[in-house]
Amino acid sequence: MEYRCVECGGRMTTLFVQYSPGNIRLMKCGKCKAVADEYIECEPIIILIDLILHKTKAYTHLLYNVIDPQAPSFQGLLWKSTFGFLLLDAYRSLFLERSKEEWGLSMSFASLLWRFQKMLMDVVFGNIMFLSTFLLCMRVLFSTFPRPLRYKDLLLAIFISSYFKMFLIAMMVWECPSVIFIIDLFVLSSNTVALKVITQAAMSRCIAACFSAHVVKFLVTQRCWSWEL
């Protein structure tokens with residue numbers, strides 16, 4: 001596994017030396033001379049707070065020094081992240097539809113079935129267009145990138161950095177549809193930071209790629225919900 005310094009992004013062969021259980025010494029980066037990864041000794045809640053604050057050091061720690069693309073469990077992590085991503089998207093679509101109309105026992109089976117069908121189209125077509133646009137932007141904007149980019153690494157970075165979608169669960173007790181769009185903005189900004197960390201490219205290119213993908217997804221999902229029975 002190739003580690004990275006969270007300060008400068010320099011490559012590291014190891015992040016710490018363990019002398020005995022609970023007794024470790026953090027390694028310093030040979031490039032910037034700073035501690036390579038201070039998050040090793042931090043509690044998970046500290047890392048989560050820094051992720052919410054969009055600190056690139058926290059994203060570097062997570063995407064390079066925690067997740068190992070060569071590990072046998074990497075493929076399973078990718079599938080689990082994809083499932084969670086789609087599941088939260090489905091809940092988002094369902095909540096938005098419920099906020100527009102009252103759902104009750106008086107609804108006909110055909111009407112209920114149609115609404116679930118629209119939700120499925122929203123999730124499937126919306127994310128197909130999202131990923132297609134994102135990968136197309138990567139091909140166009142990063143065509144002259146000096147090192148090859150693995151699509152699996154990019155997708156996992158996008159799925160994991162969409163953790164803000166978990167705040168949609170709060171909508172079960174706090175029904176405020178406008179908050180959903182605030183969460184969408186946080187997901188967009190988080191995706192941008194993760195993409196910058198994984199590619200080490202200019203922020204403007206990362207913003208352009210993520211913004212284009214999210215705009216296309218928004219337009220497609222709005223089109224799906226505009227269809228009437």
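This is a predicted model: local features need pLDDT of at least 70, side-chain atom pairs count only at pLDDT 80 or more; totals for chains, interfaces and linings use all residues.

Reader: How are two packed helices described?

Author: Take helix α1, residues 44–52, and helix α2, residues 56–66. Their axes come within 8 Å and cross at roughly 120°. The pair is therefore oblique, since angles of 65 to 115 degrees count as roughly perpendicular and those over 145 as roughly antiparallel.

Reader: In which hand does α1 pass α2?

Author: The crossing is left-handed.

Reader: Which residues make the contact?

Author: From α1 come Ile47, Asp50 and Leu51. From α2 come Ala58, Tyr59, His61 and Leu62. By class, the contact of α1 with α2 has five nonpolar residues, one polar and one charged.

Reader: Now the rings. How many aromatic pairs does the structure hold?

Author: Five aromatic pairs. One aromatic cluster is formed by Tyr163, Phe164, Phe167 and Phe186.

Reader: Which charged residues lie over the face of a ring?

Author: Arg4 lies over the face of Tyr64, with 4.6 Å to the ring centre. Lys217 lies over the face of Phe130, with 5.4 Å to the ring centre.

Reader: Last, one residue. Where does Asp153 lie?

Author: Asp153 lies in helix α5, residues 151–160. Leaving out residues up to four places away in sequence, Asp153 touches Pro69 and Phe74.

Reader: How far apart are Asp153 and Leu195 in sequence and in space?

Author: In sequence, Asp153 and Leu195 are 42 residues apart. In space, they are 9.9 Å apart, C-alpha to C-alpha.

Key. Residues are numbered from 1 along each chain as its sequence is written. Side-chain values use heavy atoms; hydrogens and water are left out. Axes are lines fitted to C-alpha atoms, for helices over the stretch in contact, and angles run from 0 to 180 degrees between N-to-C directions. Helices (H or I, at least four residues) and strands (E, at least two) are DSSP runs, numbered from the N terminus. Angles under 35 degrees count as roughly parallel, over 145 as roughly antiparallel, 65 to 115 as roughly perpendicular and the rest as oblique. A crossing is left-handed if the near helix is turned anticlockwise from the far one by less than a right angle, and right-handed if clockwise. Contact means heavy atoms within 4.5 Å. Ala, Val, Leu, Ile, Met, Phe, Trp, Tyr, Cys and Pro count as nonpolar, Asp, Glu, Lys and Arg as charged, and the others, Gly among them, as polar. Rings of Phe, Tyr and Trp (its six-membered ring) pair if their centres lie within 6.5 Å; planes under 30 degrees apart count as stacked, over 60 as edge-to-face and the rest as tilted. A charge sits over a ring if NZ of Lys or CZ of Arg is within 6 Å of the ring centre and within 35 degrees of the ring normal.
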